Amino acid sequence: MRFSRLCLPLSLFVLAAPVQAQTDDHSLKPVTVTATRAQNTAQESPQKITVITREEIEQQLSISEDPGQVLSSLIPSYSPSRQKLSNAGETFRGRSPLFLIDGVPQSNPLRDSARDSYTIDLAMVERIEVIHGASAEHGLGATGGIINFVTKRADPGNINQQAGVSLTADDDVDSDSLGHKLNYRISGQQGDWDYLAAATRQQRGVFYSGDDELVGIAYPGELQNSTSHDLMGRLGYWIDDHQNVELMVNRFELEGEGDYVPVPGDRDNGIATRARKGEPDGEPGFNKVTTARLSYTHTDWLSSQVDAQVYHQRFRARFATTPFFPYEGANGDTLYDQTRNESDKLGAKFTLSRDGLLDDRLKVTTGLDLLQDETRQMLVETGRTYVPETQFRNGAVFAQADISLTRALTLQAGARHERAKLKVDTYQAVDRSGAVMRDGVIVRGGSPEFDETLFNAGLVYQVTPWAQLYTNYSEGFGMPDVGRVLRGIEQPGQDVDTLLQLRPIVTDNREVGSRFDWGRYGLELSYYESRSDYGERLTEENGVWVGNREKTRIQGFEVSGDARLGERHLLKMAYTQAEGESDTDGDGSLDTELTGLNIAPDTLRLAWSARWTGKLSSHLQYSRFFARDADDPALDFDGHGLVDVALGYALPAGKLNLGIENLLDKDYFTYYSQAARASDDYYFKGRGRTLTLGYNLDF
């Protein structure tokens with residue numbers, strides 16, 4: 001019954017065209033996808049790839065600055081945004097995506113803070129490259145796909161400057177909903193040097209739902225009532241026409257203001273979790289992330305291209321005070337602690353690519369990746385170790401071949417060998433079974449090792465000049481959330497080496513698809529299956545997320561495309577549908593449907609972009625999230641539809657933008673609140689009608 005909805009997007013096939021970058025003159029130009037190590041284009045790949053352009057990003061940012069909202073609006077099979085400082089429950093094709101900034105990993109798989117997409121302001125991003133489905137190209141973490149934020153580069157000319165300001169409020173313009181954003185960028189080229197410096201500052205007010213009530217405050221972290229800063233610098237030097245060295249540093253901070261406290265709802269009676277003015281216990285939550293990358297490129301070294309980079313990421317995340325960590329204060333009263341995640345990555349990537357072999361029919365790419373990740377989670381006030389310091393060391397070599405078997409048929413295949421070691425010292429767990437926290441059992445440390453070889457193979461067949469078929473098999477490699485395992489040990493006598501839950505997750509992704517290009521019209525369809533014999537399914541137990549290691553299978557399809565009507569109008573559509581099952585009793589049979597914590601709802605998205613005059617433009621989009629029934633009726637999803645609009649007007653100096661999120665002021669509960677978690681404390685409504693007025697000037 002659910003798959004019968006396929007007729008809906010297929011009936012709209014005349015609105016579709018291949019996914020390609022759009023320029024202002026509407027010409028179609030293939031974009032090199034740096035997230036693929038061989039740097040292919042989306043049209044050459046046997047795997048579905050989406051390239052999100054700067055124009056598309058700016059359209060979405062004029063409506064909402066929430067990265068989760070932007071990604072959900074532009075990437076098929078990405079879950080609806082939680083509208084919080086957390087992407088827990090925001091999955092990609094039912095699994096976890098690997099977030100990158102210029103190829104530098106942002107995800108923290110050892111102790112998932114679920115804030116991977118909140119490490120950079122999207123004002124710093126030129127485009128977003130998306131690989132759909134499991135991939136081992138960048139190593140650990142991409143069991144659902146890759147989302148690579150490609151940051152801005154220097155513009156031509158000696159000095160180029162851009163400044164912008166925006167104001168945001170709910171439709172009643174309540175004073176506590178007011179927010180603003182300031183951004184500035186300067187870039188240029190001087191001889192062999194190019195440079196860029198950029199800064200943003202954003203202050204957010206509180207959010208109001210469609211019924212004009214305050215949206216509730218979430219313990220894991222909030223976007224509302226917060227302030228963020230982002231500073232980015234880039235400096236490049238051209239040694240000669242073929243060699244370039246570049247340094248990029250980005251510092252992102254987001255911290256809550258701490259002016260509101262949560263008011264629990266009543267899920268059984270449909271009463272939403274709210275917020276009220278007040279001073280919460282403890283310190284506000286924050287994200288503080290520094291990403292640094294030093295890269296070297298040689299485009300003609302012995303007829304090969306060399307790409308090398310070393311990188312570092314420093315991630316710090318504090319979570320708000322929750323009732324789950326009670327401790328006894330100096331006066332004997334009960335106080336509540338809060339946790340802080342700390343993760344430091346140091347890594348390197350080396351890639352060598354040679355084209356033009358076998359009479360220009362073969363391209364070979366090889367490389368070496370190195371990574372060290374050290375992660376821990378502490379209790380701030382009591383100093384207890386919630387998750388012990390865990391060191392992960394990973395080395396991998398890979399080889400990838402791209403060969404033209406005939407003029408119409410291309411084969412891409414490769415292998416990647418991973419060697420990894422996890423090191424955990426002996427530690428004392430936390431006992432939370434009583435009225436206050438106490439020291440728990442001693443867990444002996446260990447150094448389990450993993451050794452995996454991952455394969456991929458795909459074919460692309462150009463049937464006609466306007467029709468293309470592709471099929472692909474790829475494997476992804478990931479670690480379970482080690483922190484969830486280590487922090488939950490209650491039985492004495494345990495040691496890290498014998499904890500079977502620490503085995504890695506290997507995900508098999510199978511995909512078949514087709515692309516049709518009729519000039520101004522087209523269509524792309526893909527069907528995929530994702531399997532893991534020892535996957536991870538999240539469930540909630542006593543307010544704590546637990547990773548259950550189970551056999552899982554996810555399957556779904558995606559239909560996407562666009563149609564250009566004349567030179568002024570662009571129509572887009574995307575329809576996605578997925579379902580998944582897991583083996584909860586370990587008998588080898590898939591017996592339980594995955595919930596909204598793992599699977600996105602079936603989704604239809606329609607969009608219409610228009611250039612009415614040389615000065616006036618508009619963008620209208622509709623998102624329909626279809627109802628879903630779960631094995632547990634408490635996690636049924638009612639479904640809802642949302643409409644957003646953006647208007648742009650070019651002034652004699654600069655451009656004025658008006659964005660309206662939730663144009664019809666729909667009063668609804670978010671997908672996560674309905675389908676992922678049955679809780680009075682997490683029963684949130686979505687944001688109501690919200691207005692954003694912005695002005696940008698290039699000079």
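F149 is buried, with a relative accessible area of 1%; buried here means under 20% relative accessible area, exposed means over 50%, and partly exposed is in between, using a 1.4 Å probe and protein chains only. F99 also counts as buried, at 2% relative accessibility.

Before I go on, this is a predicted model, in which local features need pLDDT of at least 70 and side-chain atom pairs count only at pLDDT 80 or more, while totals for chains, interfaces and linings use all residues. Residues are numbered from 1 along each chain as its sequence is written, and side-chain values use heavy atoms, with hydrogens and water left out.

Back to the aromatics. Rings of Phe, Tyr and Trp, the last by its six-membered ring, pair if their centres lie within 6.5 Å; planes under 30 degrees apart are stacked, over 60 edge-to-face, and the rest tilted. That rule gives 13 aromatic pairs. One of them is F99 with F149: the ring centres are 6.1 Å apart and the planes are at 20 degrees, so this pair is stacked. F99 belongs to strand β4, residues 97-101, and F149 to strand β7, residues 145-151, so the pair ties together parts 50 residues apart in sequence. Helices (H or I, at least four residues) and strands (E, at least two) are DSSP runs numbered from the N terminus.

Next, Y682 and F684. Their ring centres are 6.1 Å apart with the planes at 80 degrees, so that pair is edge-to-face. Y682 and F684 are both buried. Ring pairs also bring in Y219, giving a cluster of Y219, Y682 and F684.

F684 has a charge over its ring as well: the charged end of K84 sits 4.0 Å from the ring centre. The criterion is NZ of Lys or CZ of Arg within 6 Å of the ring centre and within 35 degrees of the ring normal.

Now helix α3. How many of the eight residues of helix α3 are buried? Seven of them, so the helix, residues 67-74, is largely enclosed by the rest of the structure. The buried residues are P67, G68, Q69, V70, L71, S72 and L74. At the start of α3, a side-chain oxygen of D66 comes within 3.0 Å of the backbone nitrogen of G68.

That leaves the charged pairs. A salt bridge is a side-chain nitrogen of Lys or Arg within 4 Å of a carboxyl oxygen of Asp or Glu. The whole structure has 38 of these. K181 forms one with E65, with the closest N and O atoms 2.9 Å apart. K181 is in strand β9, residues 179-190, and E65 is in the loop between α2 (54-61) and α3, so the pair ties together parts 116 residues apart in sequence. Which of the two is buried and which is partly exposed? K181 is buried at 3% relative accessibility, and E65 is partly exposed at 24%.

D369 pairs with R416, the closest N and O atoms being 2.8 Å apart. D369 and R416 are both buried.

E129 forms a salt bridge with R127, at 2.9 Å between the closest N and O atoms. E129 is buried, with a relative accessible area of 0%. Lastly, a network of salt bridges links D102, R153, R234, E246 and R293.

Definitions and conventions. Polar contact = N/O pair within 3.5 Å; in protein donor to acceptor, adjacent residues only side chain to side chain.
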